[in-house]
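This report goes through one protein chain and its ligand, from the overall fold down to single residues. Please keep the sequence and the 3D view open while reading.

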Amino acid sequence: MVIKEAKFVTSNTRADLCPQTDLPEYAFIGRSNVGKSSLINTLTNRLKLAKTSSFPGKTQLINHFLINDDWYLVDLPGYGWAKVSKESRETWRKMINFYLRNRPNLACVFVLIDSRLPPQKPDLEFMEQLGTMGVPFVLIFTKIDKQSKIKTEANIALFMKTLKETWEEPPMYMTSSSTTKEGREEILQFISDVNRR
Ligand code: GTP
Ligand code: MG
């Protein structure tokens with residue numbers, strides 16, 4: 001898919017203030033620093049569309065980007081950062097749950113997982129929540145440029161094996177690197193296929 005246009009629309013803390021639209025949207029979520037905002041920039045070929053940082057906790061709001069006047073990418077704040085207070089964690093949980101429950105146009109959530117790590121509890125718990133809410137999601141294992149292909153494959157295999165313990169049908173997954181742009185075409189093709197459904 002060709003990205004002809006990508007524009008920032010709004011930043012919000014509340015789903016009811018997000019764009020009123022029937023256009024499909026795709027939200028990026030995952031642990032802080034996993035590479036959500038970077039992947040949005042990679043997909044759109046825009047260096048600074050979504051704000052990124054080497055420090056966790058950069059994205060704090062629900063950010064909508066309109067692509068080709070046809071569908072939205074949504075950058076969300078991350079979870080699982082140890083230094084966050086209990087209060088902030090609760091604020092995040094409420095904001096995200098409200099968003100997930102109140103966007104009928106939410107076509108799919110991309111849950112980003114750091115390909116370098118063994119299965120992490122916050123990721124497994126968040127996926128459980130999505131399952132309970134019936135929100136469609138797929139996994140994207142990020143930062144695959146940071147290690148060998150063999151290591152990435154071993155980590156993904158362990159992750160999927162762990163999922164099989166609780167999921168009858170584990171979700172589909174893709175891999176990505178915002179440095180080499182690997183995965184970009186596959187993710188855009190996935191979006192294009194879902195848009196056409
Ligand atoms: P929060 O907004 O804090 O939740 O983080 P985020 O998930 O949006 O992460 P962000 O895109 O800001 O990236 C975090 C750091 O990881 C930045 O220093 C990025 O340059 C780096 N990074 C992201 N994706 C990749 C990748 O695919 N490869 C490499 N090598 N670095 C990456
Ligand atoms: Mg971010």
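Over residues 22-197, what percentage of the chain is helix, what percentage is strand, and how far apart are the end C-alpha atoms? The model, which is predicted, has 38% helix and 20% strand over this stretch, and the end C-alpha atoms lie 14 Å apart. An unreviewed UniProt entry annotates residues 22-197 as "domain: EngB-type G".

**Overall fold**

The protein contains five helices and seven strands. Read from the N terminus, their order is β-β-α-β-β-α-β-α-β-α-β-α. The radius of gyration is 16 Å, close to the 16 Å from the globule rule for 197 residues, so the protein is as compact as a globular protein of that length. Its C-alpha trace spans about 40 × 40 × 35 Å along the principal axes. Buried residues make up 34% of the 197.

**Strand pairing**

Strand 5 (residues 106-114) pairs with strand 2 (residues 25-30) and also with strand 6 (residues 137-142). The table lists these two pairings, with one pair of facing residues for each.

| Strand pair | Sense | Bridges | Facing residues |
|---|---|---|---|
| Strand 2 and strand 5 | parallel | six | Tyr26 and Cys108 |
| Strand 5 and strand 6 | parallel | six | Asp114 and Thr142 |

The chain passes from strand 5 through helix 3 (residues 121-133) to strand 6, and these elements form a β-α-β unit that is right-handed.

**Ligand shell**

Which residues are the closest to ligand 1? They are Gly35, Ser38, Thr52, Thr59 and Gly78, out of 23 residues that surround the ligand.

**Leu163**

Leu163 belongs to helix 4 (residues 149-164). Why does Leu163 count as partly exposed? It has 18 other C-beta atoms within 10 Å, and a residue is called buried at 20 or more and exposed at 12 or fewer, so Leu163 falls in between. Glu128 is 35 residues away from Leu163 in sequence, while the C-alpha atoms of Leu163 and Glu128 are 10.0 Å apart in space.

Methods: Residues are numbered from 1 along each chain as its sequence is written. Chains are lettered from A and ligands numbered from 1 in the order in which they are written. This is a predicted model: local features need pLDDT of at least 70, side-chain atom pairs count only at pLDDT 80 or more; totals for chains, interfaces and linings use all residues. A residue is near a molecule or strand if its C-beta atom, placed from the backbone, lies within 6 Å of it. Helices (H or I, at least four residues) and strands (E, at least two) are DSSP runs, numbered from the N terminus. UniProt positions are given in the numbering used here, feature names are shortened, and annotations may be inferred rather than shown by experiment. Two strands pair if DSSP finds at least two bridges between them. A crossover is right-handed if, with the strands pointing away from the viewer, the path from the first strand over the helix to the second runs clockwise. The radius of gyration is taken over C-alpha atoms; the globule rule is 2.2 Å times the number of residues to the power 0.38.
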